[in-house]
Amino acid sequence: MSQQVFRSLTDFGFSIPQLQILRERLSVPQFVYFSGPAGGGKTRAALMVAWTYFQALNRPIRFDGQDMSTDQIRQAAKEHNAGILFNDMASVHDYMKAGYCLDCRMIALGIAFDGPAVAAQAHAYLLAYLPGLATRNDVTVIAVGRDDEEPDNPFHSVDLFAA
């Protein structure tokens, strides 16, 4: 794994207020949805968040949500896993499994296959797959992008929307 995954979240582009919101929201069941264009840094951001808020605090998390069945998600909840990461979500079934984590009182970290780098637009995109989330307050959307004009810039743009 690249050393860049282990940079601090502020070095990546998260602001202190965004990190305070994340700390509060990741202490309860939550769907954290990472969106952004291909190559924009959403997978790296999700891994950094998972490391910071789960592994570094000894909160069990699984990274194989994409391959899990709903029975396996239910079993992971019984085993007291705090969360599950779903990578490259592209189908309705992927989104439904991530949504099921909320029903099991866990945190789902979902990484869109591709999506907008503006959090409000990414939230609308997410609701196209899981319209029931519109009435819930346990959804956090993180949209990640890069500055195309400065490709060597180590900072990413991070936009956060908490519903």
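**From the sheet to a side chain**

Six strands make up an open sheet with mixed pairing, ordered β2-β3-β4-β1-β5-β6. Strands here are DSSP runs of E with at least two residues, helices are runs of H or I with at least four, and both are numbered from the N terminus. Two strands pair if DSSP finds at least two bridges between them. At the edges lie β2 (61–62) and β6 (157–162), each pairing on one side only.

This is a predicted model, in which local features need pLDDT of at least 70, side-chain atom pairs count only at pLDDT 80 or more, and totals for chains, interfaces and linings use all residues. Residues are numbered from 1 along each chain as its sequence is written, and side-chain values use heavy atoms, leaving out hydrogens and water.

Take β1 (residues 31–35) next. It runs parallel to β5 (residues 139–145), paired over five bridges. Val32 stands opposite Thr140 of β5. Helix α5 (residues 92–103) packs on the sheet and touches β1, β3 (83–89) and β4 (107–112). Contact means heavy atoms within 4.5 Å. The direction of α5 makes about 165° with that of β3; axes are lines fitted to C-alpha atoms, for helices over the stretch in contact, with angles from 0 to 180 degrees between N-to-C directions.

Now turn to Arg74, in helix α4 (residues 70–78). Leaving aside residues up to four places away in sequence, Arg74 touches Tyr100 and Cys104. Arg74 and Tyr100 are 26 residues apart in sequence, yet their C-alpha atoms are 8.6 Å apart.
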